[in-house]
Every structure is written in structure tokens, then in C-alpha cells.
Amino acid sequence: MTENQLPHIVIVGGGFGGLAAARALRNAPLHVTLIDRANHHLFQPLLYQVATATLAPGDIAAPIRHILRKQRNVTVGMAEVTGLDVAGRRVLGNYLGKPDWPFGYDYLILATGATHSYFGHNEFAPFAPGMKTLVDAESVRAKVLKAFETAEIEEDPSKHKDLLTFVLVGGGPTGVEMSGAMAELRRFTLKSDFRRIDPERARIILAEAGPRILATFPEELSRKAQARLESVGVEVRTGQPVKQIDEATVVIGDERIPCRTVIWTAGVTPSPAGKWLNAPMDRAGRVRVGPDCSVPGHPEIFVIGDTASLDQGGKPLPGVAQVAMQQGHYVGKVISSRVSGRPSPPPFRYFDKGNMAVIGRGFAILDSRVIKMSGLPAWLAWATIHLLYLPAFGNRLRVWTQAMWSYVTHQRSSQLIVEPRSPAAVSTEAPAPTEAPVSTKAQISAEPSQVIQSASALK
């Protein structure tokens, strides 16, 4: 049977769920096309470490083509999906600059993930960036590091406090891990790098509208995590929603806090797959799927991961990587069974392997079916599990090496501010001289602003 005669499976999304589905289909007599708007698979649980300069972007991501290079029945396409033609069994995408380019399918797996949600306050977005992509993480890293740089050259000491106040909105795992990493950045990594400011005096505030941080963990572990954060200098605010964010202030409850750097770590919203399908959705916008993860009325379409809503034990499954990976593997088995004529597997059952969160150097909390622990043993378990699940061997080697180096020296590998230069900034540069240049000493004396600009460009 030629490739054109084989059943064609289209997977939209190269995250945990999409990659697991593709791998589960490796021995099936069919052809798979995996479509993603990025060319890489991202290990999102370590994204905060890119944002806090511990890891470089390439440490936690790997090209999808490289990961699936030995799987001959898979073709990878870099395209942005814009909609679906369900009746015609076609995925529509922006491909090679052509909008609504059709990808026909016999089976479709939607693993399109989620993005951050501002809970109806989209006006917060320009002042409080979230973190879901490498671009987001690099932007946050630049924002954080730039705050210290700006304070260093600010001559008015009264403005240093505002410049060095950081507010993280959302006390889930991302907010907790990010605030712990920022406390270490302030306390150790940047400690001796500045002359006019003391990085240790930077203020880090973690704001959670609910009664406690890490609400999905047992209360005992939540208390230990908060105690750990407070011991490293993080101010934890619970039970007080963030009411306002602008370029200079944050309002938490009834308190107005001068702040120039806000990071959004609260909540997610699913992709628009439900609207593409015109299918039933839950209140969060996730597609309601059947016991085999298929869309009711469309047994050829499956939705998995953050985009899917499936109840188990009377509760919806959480939007975590474990669920996406297990659903991807399961759907791959379902499709393989149908294509080969074997009986379909029983309905999907999620096996909860537990939750983990790390709070800085040598401390984590772990909640599994049989074990609840905190401290260094939990941190070692966290480090081991995350290393094992990184997408490629090169990622594991680099992260392990950097983790050991950082643990021993407190140094970080990626303290770079990389930002595009605006046309306005370029136009303000001094023009090339048309006459013989004056001496270097005369230039420094006459144009100190240009010297500062040049020194900044060389960093």
C-alpha cells in the first residue's frame, strides 16, 4: 500500500499530548502529519527557569523534526491552524504564506493546548505578561533583568524601591516556582554584580486571590511552601484579588503598590478548538469529549490535553502534562486498533502520578498517591523526574550540567537582555562622521550619552 493509500492522521499541536499521540502511532500502518506553529517541542514545566535566567531557551526545547526523526510514518509541518472544515474533513492552516491551506484527514487529533487568561481583565495584558512560550519567557527575563539595570543607572535613590518591586499574580505552581527562583536570583546570582543598588533589597510579592497558594495540593504542603517562600523573603498575599494593573502601580485588595514589573502566573484559557468544531464546551471553553476522548457525533475527531474536558470520579481532569501525555498515548492506541481491525481499548482512565512544585534551591513539595513529602528529598525527586521527561538527550545533559553548576556556584547561564531595537532608537544614533574624528578623550568629554549607549549595546 502506498503512502497516499494509507489512512491519514493529522495531529494539531506538538506539545505533550500531540507528541505522545505521534509516538503511539509509530508502528501503525498509516501516515501521520503533525502540525504546529512552532518548530519545537517545549518542556513548559521549566519555562520559569528560562524567565529567571537559570536556563537558556535551547535547554528546554527541541525541534519536533529531530524528536521524531526516526519515525518514518510522520511528516512535520510548521503552520498555524486557523480553522476546520469538519464536513470536508480538512484542517485549514496558514502554510507557506497561504491562508486556509487544506490538510485532509481520516482521523484528527487536536492537542492545541492553552494560553494564559486574564479572567476578563484583558486590559492587564500590556502591563502583566504571561508565560506560555519561549518568546514569553525571554520577554519576562528581559523585563526582570532590565529592572535591575534601570535601577542601577537611576540617580534618585527614592525611585529604586518602585523599580525593584516585582509582583507575581497567581499562587499556582508557576507563580510559586517563579517567585522562589526570583528570590534566589536576587539573593545570590546578582548579589555582587551592581555598585549603586543592593539586589537583595528587591521586593517580591506573590498575590493569590484564593485563601491559600497551591490550592490543588494538600493544605499541609501548601503551608510548608508558603513558609519556605517567606523564609527567602517573598511576601505572600492571599485572599486578596488584584483589582488594577497599570504601568506604575498594582492594586491588591485595597492596597496600591508602586511597581514597574508585574508577571501574570494565574489561570489559562483553552485554544479556540471548540469554536472550530462547533462542539459542546464546558464553562472554561474546553471541548466536552466522550470516554474515548472523541468528539460526540464525530468518532474520527479526538481532543486531548488542555483543550479537552473529561470527567473522572465526578470531577474534570486537571490541565496538566500528565493528562495530555496519557490521553495522547491512549488515542494513538484507539486509532491503531481501528485501522488494524482490533478491538478498541476500554474507556480512558487517568492514572494520577502526583503533583510537584519546587521552591528555590533544594526545596520542593511532592503529593502522590502514597507519599507526601517536602524539602530536599522532594527536590531530588523533582529534579530526577523532570530530567527524564525532557524531550531529547541533549536537553537532559545540558540541564543536568547547568543545574549542578548553579547549585554549587549560584551562577546562572543566561543573564542576557535580548530585545529588538526600534526604528526610533536606531534613528537617534549619531551619524557617521564626515570629517576626521576627534580624539577618544574629546569624544568622551563631549558626548557622554553616546558612550553610555555604546556601552549598553556591547553588553
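At 53% relative accessibility, F119 counts as exposed in this predicted model, where exposed denotes a relative accessible area over 50%, buried one under 20%, and partly exposed the range in between, for a 1.4 Å probe and protein chains only. F119 is situated in the loop between β10 and α4, and its phi is positive, at about 50 degrees, although the residue is not a glycine. In general, most residues other than glycine have a negative phi. When its neighbours within four places in sequence are left aside, S117 is in contact (heavy atoms within 4.5 Å) with W264, A266, G267, V268 and T269.

A positive phi is also found at R89, which is not a glycine and has a value of about 55 degrees. R89 belongs to the loop between β6 (80-85) and β7 (90-95) and is partly exposed, with a relative accessible area of 35%.

Helix α1 (residues 16-24) packs with helix α9 (residues 321-340) at an angle of about 30 degrees, their axes being 7 Å apart; the two helices are therefore roughly parallel to each other, a term applied to angles under 35 degrees. Axes are lines fitted to C-alpha atoms, for helices over the stretch in contact, and angles run from 0 to 180 degrees between N-to-C directions. The contact is made by F16, G17, A20, A21 and A24 of α1 together with A321, A324, M325, G328, H329, G332 and S336 of α9, and its residues divide into seven nonpolar, five polar and no charged.

Over the protein chain, the secondary structure comes to 14 helices and 27 strands, taken as DSSP runs of H or I with at least four residues and of E with at least two, respectively. Buried residues make up 48% of the 459 residues in the chain.

Residues are numbered from 1 along each chain as its sequence is written, and side-chain values use heavy atoms, with hydrogens and water left out. Because the model is predicted, local features need pLDDT of at least 70 and side-chain atom pairs count only at pLDDT 80 or more, whereas totals for chains, interfaces and linings use all residues.

Definitions and conventions: Parallel < 35°, antiparallel > 145°, perpendicular 65-115°, else oblique. Nonpolar A, V, L, I, M, F, W, Y, C, P; charged D, E, K, R; others polar.
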